[in-house]
Every structure is written in structure tokens, then in C-alpha cells.
Amino acid sequence: MVIVLRPHVSAEQTKQVLTAIQEGGHTGYQAGPSTIVVPKNDAHLEASLATLPQVEQVMAIDSPYPLASRAFKKEDTIIDVRGHIIGGDKVTVMAGPCSVESLDNLLEIAQTVKAAGGQFLRGGAFKPRSSPYSFQGHGEEGLKMLAIARDKTGLGIISEVMEPDKVALVSEYVDILQIGARNMQNYPLLREAGKSGKPVMLKRGLSGTIDEWLMAAEYILAQGNPNVILCERGIRTFETATRNTLDLNAVPVVQSLSHLPIIVDPSHGTGKSAFVRPMARAGVAAGASGVIVEIHPTPAKAWSDAAQTLDFDEFRALVDDVERISAALTVNRPLVHA
Ligand code: PEP
Ligand code: MN
């Protein structure tokens, strides 16, 4: 169950509720100033909590991820990141290099993203590489370059954080923290990202089920951070023709289960530049709130993920496609409700 407290309750009044929960044989977890989660439903306790003056509402939600669930929030979550909207009717376009390389290269990319109508510049400064001998990212220097690109273009910036100890540093620079596929179940990292107060884009793990992914999102929400964006980036299947299998079922499935916005990453989802544009189209047609793609002026020379990286012309064509597909959808996003 979820207990919603009245606005501006005192710490003492909150403690009274937690004590009542404990006396009823349960544990309450405070998720922000006015929300308490009790993992199990108990009709007797619900009735008695509802009589407390500081309690606004008791919601009997039977879900392993109550705060992420549609039962908790019927309306779609719409996130406003420095004036750039994620969720709702328009598609959000996030694009940039896999890794931040040099300032000149990044500025050229940022200007292209902006001119094409994108809202966010992506770029890895801390890179999760399969080999310890591959380029690991510029670290804080890369974050500084992203911040310069934001100042010059007005784009929002998103970059990955891999370690709990680096959340504070990355948060100083970025507008959205990216949690990568390999870290979907890194619970200490999820908790820190939740505490940062920054919007968080949570990528689906390579072998994460939708339930596990939503429970990972719950870790962030449970810290009182409501701004979580889910990103379907492909899962590992028996298929080897593509790097991953972009699971577009996840888009309507997530929308039926959760109020959180979901976007798709056809770059990592396919691993091959030729397939990125068709799958970006498909993701938006399925109802995704946006796309995130890797682009570079000379993809073959990209320091990481070259094979899946689009050149500028391909990127502009992709933006044109997704905007037209989005406009052609006559019903509001998401297309599916529970
Ligand atoms: C990336 O966005 O460059 C990245 C490493 O993504 P993922 O975590 O989905 O592999
Ligand atoms: Mn990449």
C-alpha cells in the first residue's frame, strides 16, 4: 500500500504514521516528504491509517513496484528538464557521440542536434567498455565539454554515471543522469541517483525483464525522486544478426504497467547504423516518448560504437521521420493504458 500524507506534515506527524504501521506489524518506507510505502496490503491497517488527520489517502496497491505503477498514478509522468519536456505528446530527441571525444567535435555535433530540432545532447564521459583496454572516457573533462556545449546551444545534456561515488560529481554537470544497461541492478548506484534529485534515465539491462526493470526504477522513486525515464535499448536474445534485439513490446507493456515515460535507443538496440532509422521510426510508432541515438561527423572514426553511429545526414532524416510519425499519431501518447 502507499500512504500519501497531507502537504507540510511535520516530522513528528510522519513518525506517528510510521509507528502506527509498525504497531500494525508492517514496515513503512518513506519515499519523499509525503509518501510512505508499505510493501504489503492489510485492509485493517489501511482503515486505521485512513483515520489519522495527517493522512490524505491510503492506496491499496498490490505491486512489487508501487510507486512506478499505474495504480499509484493514472496520468503519465511528464518531466520538464530546463524547459525540455519528456513524456506527453511530442517526441524528444536525444543524440550525440557514444563517447565525448574533443570539444570541437562535440560542439559540431551539438550544433547539428540543435539545428535538426533535437532537445538533448548525449555523450559518455565515463564509459562502460567490455574490454579494460578500450577507451574509458575523459571523465570530468568530458563533462566539462558537455557543459560548454549546453551553454552554447541550450540543449539539455545527459551522460552516464557508473559508480555511486561519482553521482555527486556527474550531477554537478548534467541535466539527466544516465544509468547504463550494465548497471540496471546496481542498487547502491540506483539509490544514490535517487538521492541526487536529478532526473534519471534508466536503461534496461541486457537480460532484464520488464518487472526487474520497473523494480530498479522503484529504487530511484523510493528515494523521493519522481523523475525517472525508462530507456529500452535492446536485450540479449539468441539472435546474432544484430547486436541486441530492440524489444518494442516493452513500449506498450511498460505504458500499461507504469506512468513513467519510455524512450527507445535503436543504436544499441541494433548495433548497426543501417537499422537505426527504421527502428527509431518503429519505436515512435509504438508510442515511445522519444529516441536516443549515437551520431558523429565521421562515424567510422568514432572512438566507440562506430558501427551503430549515424552521420549527420542520416540523423537529420531520422528526426524528420520521427517527427512526422509522431504528428501522424492521432491519439495522445501513450497509446496504451492499463
Ligand atoms: C551508451 O549509451 O553509450 C551505453 C553504453 O549504453 P548501454 O548502457 O545501453 O549499453
Ligand atoms: Mn554507445
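This is a predicted model: local features need pLDDT of at least 70, side-chain atom pairs count only at pLDDT 80 or more; totals for chains, interfaces and linings use all residues.
**Entry 1: α3 and α4**

I looked up how helix α3 (residues 103–116) packs on helix α4 (residues 140–153). The angle is about 40 degrees, and the axes are 10 Å apart. That makes α3 oblique to α4. I noted the handedness too: α3 passes α4 in a right-handed crossing.

Next I listed the residues that meet. From α3 I have Leu103, Leu106, Leu107, Ala110, Gln111 and Lys114. From α4 I have Met145, Leu146, Ile148, Ala149, Lys152 and Thr153. By class, eight residues of this contact are nonpolar, two are polar and two are charged.

**Entry 2: α7 and α8**

I then turned to helix α7 (residues 210–221) and helix α8 (residues 250–257). Their axes come within 11 Å and cross at roughly 50 degrees. The two helices are therefore oblique to each other. I logged this crossing as right-handed.

On the α7 side, Ile210, Trp213 and Leu214 make the contact. They meet Ala250, Val253, Val254 and Leu257 of α8. I sorted this contact by class: seven nonpolar residues, no polar and no charged ones.

**Entry 3: ligand 1**

Which residues come nearest to ligand 1? I found 13 residues around the ligand, and Arg122, Ala181, Arg182, Lys203 and Arg233 come nearest.

I checked distances from polar side-chain atoms to ligand oxygens. For Arg122, such an atom lies 2.7 Å from an oxygen atom of ligand 1. For Lys203, the distance to a ligand oxygen is 2.9 Å. I also noted Glu294: an N or O atom in its side chain is 3.2 Å from an oxygen atom of ligand 1.

Definitions and conventions
Residues are numbered from 1 along each chain as its sequence is written. Chains are lettered from A and ligands numbered from 1 in the order in which they are written. Side-chain values use heavy atoms; hydrogens and water are left out. Axes are lines fitted to C-alpha atoms, for helices over the stretch in contact, and angles run from 0 to 180 degrees between N-to-C directions. Helices (H or I, at least four residues) and strands (E, at least two) are DSSP runs, numbered from the N terminus. Angles under 35 degrees count as roughly parallel, over 145 as roughly antiparallel, 65 to 115 as roughly perpendicular and the rest as oblique. A crossing is left-handed if the near helix is turned anticlockwise from the far one by less than a right angle, and right-handed if clockwise. Contact means heavy atoms within 4.5 Å. Ala, Val, Leu, Ile, Met, Phe, Trp, Tyr, Cys and Pro count as nonpolar, Asp, Glu, Lys and Arg as charged, and the others, Gly among them, as polar. A residue is near a molecule or strand if one of its heavy atoms lies within 4 Å of it. A polar contact is a pair of N or O atoms within 3.5 Å; within protein, one must be able to donate a hydrogen and the other to accept it, and residues adjacent in sequence count only if both atoms are side-chain atoms.
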